[in-house]
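Here is a short note to read beside the model. Please keep the structure open as you go.

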Amino acid sequence: MACAAARSPADQDRFICIYPAYLNNKKTIAEGRRIPISKAVENPTATEIQDVCSAVGLNALLEKNKMYSREWNRDVQYRGRVRVQLRQEDGSLCLVQFPSRKSVMLYVAEMIPKLKTRTQKTGGADPSLQQGEGSKKGKGKKKK
């Protein structure tokens with residue numbers, strides 16, 4: 001009993017855990033999604049979650065080798081979790097706008113699509129794919 005009382009909210013094992021599956025709009029609630037599908041993001045990564053949390057000023061730790069227990073896919077893309085500190089040593093909130101774990105998850109899901117990595121990937125990938133397809137067609141015609 002004394003050990004439980006000695007653990008402060010600032011201990012790393014007391015930080016909340018956010019897995020990418022919690023925010024993934026490709027998952028059902030049974031598969032682990034914890035926010036409404038309308039607010040969820042397509043295939044978020046633990047690195048993106050950590051980037052958003054750190055940018056807003058939350059203390060976020062990335063644990064790359066952790067896996068969500070309901071995740072059947074063992075690919076590197078689906079690995080990882082982020083531990084986020086909500087409360088300080090004295091029990092007060094770190095940031096007033098994040099009183100709960102759900103408020104953090106909703107904010108992160110809202111901000112991930114606005115990340116530079118997300119916006120650059122969609123803008124830069126389309127022209128390169130079209131050029132690649134064109135060159136492949138050209139090579140096929142030359143062989144015939």
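1. Buried here means under 20% relative accessible area, exposed means over 50%, and partly exposed lies in between (1.4 Å probe, protein chains only). Helices (H or I, at least four residues) and strands (E, at least two) are DSSP runs, numbered from the N terminus.

2. This is a predicted model: local features need pLDDT of at least 70, side-chain atom pairs count only at pLDDT 80 or more, and totals for chains, interfaces and linings use all residues. Residues are numbered from 1 along each chain as its sequence is written, and side-chain values use heavy atoms, with hydrogens and water left out.

3. The protein holds 4 helices and 3 strands. Their order from the N terminus is α-β-α-β-β-α-α. Of the 144 residues, 31% are buried.

4. Look at α2 next. Its buried residues are A46, E48, I49, V52 and C53. They sit on the same side of α2, because they cover an arc of only 165° around the axis; the arc is that of the directions from the helix axis to the C-beta atoms. G57 follows α2, with a positive phi near 110°.

5. Now its partner. Helix α2 (residues 46-56) and helix α3 (residues 101-111) have axes that come within 9 Å and cross at roughly 105°. The two helices are therefore roughly perpendicular (65 to 115 degrees). I49, V52, C53 and V56 of α2 make the contact (heavy atoms within 4.5 Å) with V104, Y107, V108 and M111 of α3.

Definitions and conventions. Axes are lines fitted to C-alpha atoms, for helices over the stretch in contact, and angles run from 0 to 180 degrees between N-to-C directions. Angles under 35 degrees count as roughly parallel, over 145 as roughly antiparallel, 65 to 115 as roughly perpendicular and the rest as oblique.
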